[in-house]
Amino acid sequence: SLGLSQTFGTDSFDITNQGDASLENAFGGVLTLNSEGQWNLDLSSGQQNYGVGTGMLIWQGAGNGFERGGLGILQRTAWTNATLAKLTFDGLSLEGFYLNPNELESNNTRTEMAGGVIQYRWSPKSRIGLSALKVLQSEQFYPLPSSTLPDFIPGFENGRDGMEALQGFAEIEGSNFGIPNAWVRGEFAVERNDDINMHAYALYGEAGYRFTSLPFTPAISYGFATFSGDDPETTDRYERFDPLFYGNGLDNWFFGANGSYTFLNSNTGHHRVALQAVLTQQDFIKLQYVRTFAPELFSPIQFGQATRPVLTEGGLVLVNGVADPHLADEIYGEWVHVFSPNIVGALWGSSARPGAGIRELPGIEPETW
């Protein structure tokens with residue numbers, strides 16, 4: 001498949017009239033089709049999509065926006081090379097992967113990863129899994145908390161190189177615990193890199209319920225996520241979480257339409273309340289409220305974000321992050337209409353107000369995004 005994209009005008013990152021035509025999918029493989037109750041093998045390699053769990057670490061295999069245009073759609077997702085081996089038996093699957101992302105040339109970290117996944121699915125909406133990976137090579141640098149200029153700790157200029165991660169995920173529908181129409185979800189990830197004494201973590205939990213007896217069958221859910229930041233007081237240890245290649249939409253790892261552009265899933269925490277309703281068999285609406293905060297103060301939120309020099313008794317210090325944990329409050333709305341089995345339209349809008357942590361930064365206008 002071939003992907004065409006073009007931005008007309010200027011996008012959220014001040015990039016104007018950029019576009020690209022590029023290969024999206026080009027892969028091949030072989031698989032067995034044994035009957036139920038027998039093992040099956042699926043081997044493939046090439047430029048293709050691949051995700052682990054719901055996308056906490058591994059999902060968005062390609063870069064979008066900037067010189068490729070089409071920033072708001074995130075239409076490119078395939079890895080430059082995803083070599084996969086999957087062995088399945090009924091609901092049990094064992095997977096091995098090697099991944100080389102299709103990164104933007106202007107921001108190519110030259111990251112390559114390999115790992116494995118074990119997962120058991122016992123119904124369409126219930127599963128549990130565990131994944132482990134290792135970064136084989138990378139030039140991705142890790143930002144530091146406040147430090148005296150111009151010092152830069154050796155090793156952090158390619159801090160991702162050699163990093164190891166363990167991720168667990170579970171999704172369980174309510175019929176498994178006696179509450180039909182409910183669901184719960186939990187995920188965690190821990191990251192280690194002995195080269196820089198890295199100890200980082202992330203946690204996510206969600207619970208929801210669909211009221212099938214009420215008009216429009218509304219469903220409401222609450223989710224909480226936290227991604228560790230680097231504590232400025234622990235100079236011998238690095239705790240900032242690396243979200244790697246996360247994705248899979250606003251119901252998963254993009255926290256707000258504005259927030260997904262403003263923040264990375266690193267040194268941030270989120271409360272998310274969502275309401276969904278079925279107006280007709282062709283019309284569906286969704287509302288979300290997301291409150292974002294910073295777990296660690298004076299620690300990088302995004303690369304370069306809020307970085308400013310401050311003169312102290314010890315000399316000139318480069319300060320990162322914010323002094324107040326409240327980062328933003330966002331409301332998101334979406335309407336989807338099914339015109340036909342082959343044509344679907346979506347209309348969405350979002351409004352986010354920066355919190356005190358952003359508003360109190362020098363040179364920031366307290367405007368709604």
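This is a predicted model: local features need pLDDT of at least 70, side-chain atom pairs count only at pLDDT 80 or more; totals for chains, interfaces and linings use all residues.
Figure 1. The protein exposes about 18,200 Å². Carbon and sulfur atoms supply 59% of that area.

**Figure 2. Overall fold and dimensions of the protein.** The protein has 2 helices and 19 strands. The C-alpha trace spans about 70 × 45 × 45 Å along its principal axes.

**Figure 3. Burial and contacts across the chain.** Of the 369 residues in the protein, 43% are buried. Among contacts with a separation of 6 or more, 58% are between residues 24 or more positions apart.

**Figure 4. R127 in strand β8.** Strand β8 covers residues 126-137 and includes R127. R127 has a relative accessibility of 10% and therefore counts as buried, the cut-off being under 20%. Beyond its neighbours within four places in sequence, R127 is in contact with G53 and T54, with Q119, Y120, R121 and W122, and with F169, A170 and E171.

**Figure 5. Polar partners of the R127 side chain.** The side chains of R127 and E171 are joined by a polar contact of 2.6 Å. A polar atom of the R127 side chain also lies 3.2 Å from the backbone oxygen of G53. Both G53 and E171 are listed among the residues in contact with R127.

Definitions and conventions. Residues are numbered from 1 along each chain as its sequence is written. Side-chain values use heavy atoms; hydrogens and water are left out. Helices (H or I, at least four residues) and strands (E, at least two) are DSSP runs, numbered from the N terminus. Buried means under 20% relative accessible area, exposed over 50%, partly exposed in between (1.4 Å probe, protein chains only). A polar contact is a pair of N or O atoms within 3.5 Å; within protein, one must be able to donate a hydrogen and the other to accept it, and residues adjacent in sequence count only if both atoms are side-chain atoms. Contact means heavy atoms within 4.5 Å. Accessible areas come from the Shrake-Rupley method with a 1.4 Å probe; for residues, only the protein chains shown count as cover.
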